[in-house]
Amino acid sequence: MTAVDDIRPGPGVDGDSAEDLLRIADLIRSVPDHPEPGVLFRDITPVLAHGGAFATVATELAAHTGEAELVVGVEARGFLLGAAVALVAGVGTVPVRKAGKLPAVAASRSYELEYGSATLELPADVVEPGTRVYVVDDVLATGGTAAAACALLTDVGAEIVGFGTLLELTALNGRGRLGDLRVDALLSA
């Protein structure tokens with residue numbers, strides 16, 4: 001593993017949680033030039049592979065779900081985090097997928113990434129208008145994926161109560177793409 005010494009607890013994280021999250025930060029691997037030259041990819045796979053770290057992340061994010069009735073996980077690592085968060089919070093989970101992966105689609109949204117473009121889709125008949133949802137993804141970078149996922153949910157009438165992430169890359173200002181939506185970042189870099 002590569003220790004990531006520029007990662008610190010996110011805004012509002014303190015006390016024992018901060019100490020636990022700093023230990024988790026050491027599990028995050030930095031991969032230079034992936035998926036293309038100049039991009040520093042933050043790989044949370046080692047966090048997911050460590051039972052205690054994964055449980056801590058799920059528990060910390062679940063504490064922010066509030067009145068959410070569903071946790072929506074964004075492809076692909078957001079599925080894993082979202083499902084764990086939903087389980088701890090005692091609510092259901094729904095995946096937001098890349099285009100072409102779902103048999104029935106309620107809505108889709110295209111958006112620009114730091115290094116390309118993509119389309120996200122929401123499964124049909126699982127998010128009713130007025131449903132309170134908490135959106136989860138692994139890393140908040142430029143905010144394109146997060147904003148597209150939230151717009152997709154708004155398109156079907158969901159009420160988004162917050163966005164949770166393990167790691168926020170603050171220099172890329174993804175939070176700014178989410179407007180007034182509450183962002184819960186456990187770690188920041």
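Biologist: Where is Asp-33 found?
Modeller: Asp-33 lies in the loop between E2 and E3; helices (H or I, at least four residues) and strands (E, at least two) are DSSP runs, numbered from the N terminus. This is a predicted model, in which local features need pLDDT of at least 70 and side-chain atom pairs count only at pLDDT 80 or more, while totals for chains, interfaces and linings use all residues. Residues are numbered from 1 along each chain as its sequence is written, and side-chain values use heavy atoms, with hydrogens and water left out.

Biologist: What is phi of Asp-33?
Modeller: Its phi is near 60 degrees, a positive value in a residue other than glycine. Asp-33 is partly exposed, with a relative accessible area of 49%; buried means under 20%, exposed over 50% and partly exposed in between, with a 1.4 Å probe and protein chains only.

Biologist: How many bridges join E6 to E7?
Modeller: There are 8 bridges between E6 and strand E7 (residues 116–123), and the two strands run antiparallel. Glu-112 stands opposite Ser-117 in E7, and Tyr-111 has Ala-118 of E7 as its bridge partner. E5 and E7 also run antiparallel, joined by 2 bridges, and Arg-97 stands opposite Glu-121 in E7.

Biologist: How many residues of H5 are buried?
Modeller: H5 is mostly covered, with 10 of its 12 residues buried. Among them are Gly-144, Thr-145, Cys-150 and Leu-153.

Biologist: How far apart are the end C-alpha atoms of H5?
Modeller: They are 16 Å apart, which agrees with the 16 Å that its 12 residues should span at 1.5 Å a residue. The expected span is 1.5 Å times one less than the number of residues. H5 is followed by Gly-157, whose phi is positive, near 90 degrees.

Biologist: At what angle do H3 and H4 pack?
Modeller: The angle is about 65 degrees, and the axes are 8 Å apart. The contact includes Phe-54, Val-57 and Leu-61 of H3 and Leu-81, Ala-84 and Val-88 of H4.

Biologist: What covers the buried residues of H4?
Modeller: The cover includes H2, H3, E4, E5, E8 and E9. Leu-81, Ala-84 and Val-85 are among the buried residues of H4. After H4 comes Gly-90, whose phi is positive, near 75 degrees.

Biologist: Which residues of the largest nonpolar core touch the most other members?
Modeller: Of its 30 residues, these are Val-47, Val-57, Leu-166, Leu-167 and Leu-187. A nonpolar core is a set of buried Ala, Val, Leu, Ile, Met, Phe, Trp, Tyr and Cys residues joined through side-chain atoms within 4.5 Å. Elements that each supply at least two residues of this core include helix H1 (15–25), helix H3 (51–62), strand E9 (159–168) and strand E10 (183–188). Apart from this core lies another, of 27 residues, among them Val-94, Ala-149, Leu-178 and Val-183.

Biologist: Which residues is Val-47 in contact with, leaving aside its neighbours within four places in sequence?
Modeller: Val-47 is in contact with Ile-24, Leu-27, Ile-28, Ala-53, Phe-54, Val-57 and Leu-166.

Terms used
Contact means heavy atoms within 4.5 Å. Two strands pair if DSSP finds at least two bridges between them. Axes are lines fitted to C-alpha atoms, for helices over the stretch in contact, and angles run from 0 to 180 degrees between N-to-C directions.
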